[in-house]
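Please walk me through this structure, one question at a time.

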Amino acid sequence: MGSLILCHKKRARRPFEISRIHMRIYTIEELCYYICNNLYLIDYTIVNDRLCKWLADELELIEMADELREKLREDCSMEDFILTILRKSEIYTAAEINKMKNVLEQLQSQKNVEKEKYKADSLQNSKEYEAAILVYQAILNKERDESVDSKFYGRVYASMAAAYGHQFLYEEAAKAYHEAYKICEEQELLKAYLYSCYRAMSQEEYEKLISGNPVLSDLNTELKEQIERTKKEIGLDIPEEKLEEWKKDYRRIDKQQGIC
């Protein structure tokens, strides 16, 4: 059994508003929850004297507010400011705080475009696939940052493809995996592209894709064997005709709903 966490009872009469996203916060628990789930968004909207005043006046956390004000006078890092809030709140364990410290340190050394990808990856890990796709698209639609690793944008395409796959949008996933492969030239990305094509295309279209291409033909053999192994492992035995019917249904639903 985990340890009992005693929550703070004080609720603010006037909320603290995070201006950039128009969020209103009423308790220290809500503040900490926001911080932990939006580490990539931490900036001047949180690290300021206004928050210190709110903590003191509304939540009566005088000691925390005084310590944070002192850190601001010392021109502390955003990371130090945030970790002080998390420690003084006494909501999280030392191990949890250390994990967040590591993430903050990693983010501190990242470029803006890398932070954007971290944001999208976090959304995808939380199964917010549509929101993640929008962030990935925004990264790809901006002017390229030549200072990042040469394969960075390939990884963005690959991550976006995975998000499409989770939504059964295999045609879009295939396009994104193809772009990822062109940049990174990694075999696993080519296999993911082929699998997406297999799920998106009719049998005739798929056979036409792989015919005459020895690389794709070999990958197709490997892919089919992997699919069969997975079916046996989970006790699934679905006829190929049924899978083909399902794929047609998915494509029809996508068109009716205008999914792009």
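The buried residues of α6 are Val-113, Lys-117, Ala-120, Ser-122, Leu-123 and Gln-124. Buried means under 20% relative accessible area, exposed over 50%, and partly exposed in between (1.4 Å probe, protein chains only). This is a predicted model: local features need pLDDT of at least 70, side-chain atom pairs count only at pLDDT 80 or more, and totals for chains, interfaces and linings use all residues. Residues are numbered from 1 along each chain as its sequence is written, and side-chain values use heavy atoms, with hydrogens and water left out.

Reader: Which helices are included in what covers the buried residues of α6?

Author: Cover is judged by contact, meaning heavy atoms within 4.5 Å. Helices are DSSP runs of H or I with at least four residues, strands are E runs of at least two, and both are numbered from the N terminus. The cover of the buried α6 residues includes α7 (129–141) and α8 (152–166).

Reader: How far does α6 reach from its first C-alpha to its last?

Author: The expected span of a helix is 1.5 Å times one less than its number of residues. α6 has 14 residues, and its reach is close to the expected 20 Å. From first C-alpha to last, α6 reaches 20 Å.

Reader: What is the N to O distance in the salt bridge of Lys-117 and Asp-121?

Author: A salt bridge is a side-chain nitrogen of Lys or Arg within 4 Å of a carboxyl oxygen of Asp or Glu. Lys-117 and Asp-121 both lie in helix α6 (residues 112–125), four residues apart, about one turn of the helix. Lys-117 is buried at 12% relative accessible area, while Asp-121 is partly exposed at 21%. Their side chains meet, N to O, at 2.8 Å.

Reader: How many residues apart in sequence are the parts that Glu-222 and Lys-191 tie together?

Author: The side chains of Glu-222 and Lys-191 meet in a salt bridge of 2.6 Å, N to O. Glu-222 lies in helix α12 (residues 214–234) and Lys-191 in helix α10 (residues 187–200), so the pair links parts whose separation in sequence is 31 residues.

Reader: Which residues do salt bridges that share partners join into one network?

Author: Arg-69 forms a salt bridge with Asp-66, the closest N and O atoms being 3.7 Å apart. Both lie in helix α3 (residues 62–73), three residues apart, about one turn of the helix. Arg-69 is partly exposed at 22%, and Asp-66 is partly exposed at 42%. The network joins Asp-49, Asp-66 and Arg-69.

Reader: How many salt bridges does the count come to?

Author: Side chains of opposite charge can pair when their charged atoms come close. With the distance rule applied, the count is 17.

Reader: How many residues of α10 are buried?

Author: The buried set includes Leu-189, Lys-191, Tyr-193, Cys-197 and Ala-200. α10 has 14 residues. The helix is largely enclosed by the rest of the structure, because the buried residues number ten.

Reader: Which residue's backbone oxygen lies 2.8 Å from a polar atom of the side chain of Thr-84?

Author: Thr-84 lies in helix α4 (residues 78–89) and is buried at 4% relative accessibility. Not counting residues up to four places away in sequence, Thr-84 touches Glu-67, Leu-68 and Lys-71. The backbone oxygen belongs to Asp-80.

**The whole chain**

Reader: What percentage of the residues in the chain is buried?

Author: The chain holds 13 helices and two strands. It has 260 residues. The buried share is 42%.

Reader: What is the mean pLDDT of the chain?

Author: pLDDT is the predictor's confidence in each residue, from 0 to 100. Of the residues, 85% reach 70 or more. The mean is 86.

Key
Polar contact = N/O pair within 3.5 Å; in protein donor to acceptor, adjacent residues only side chain to side chain.
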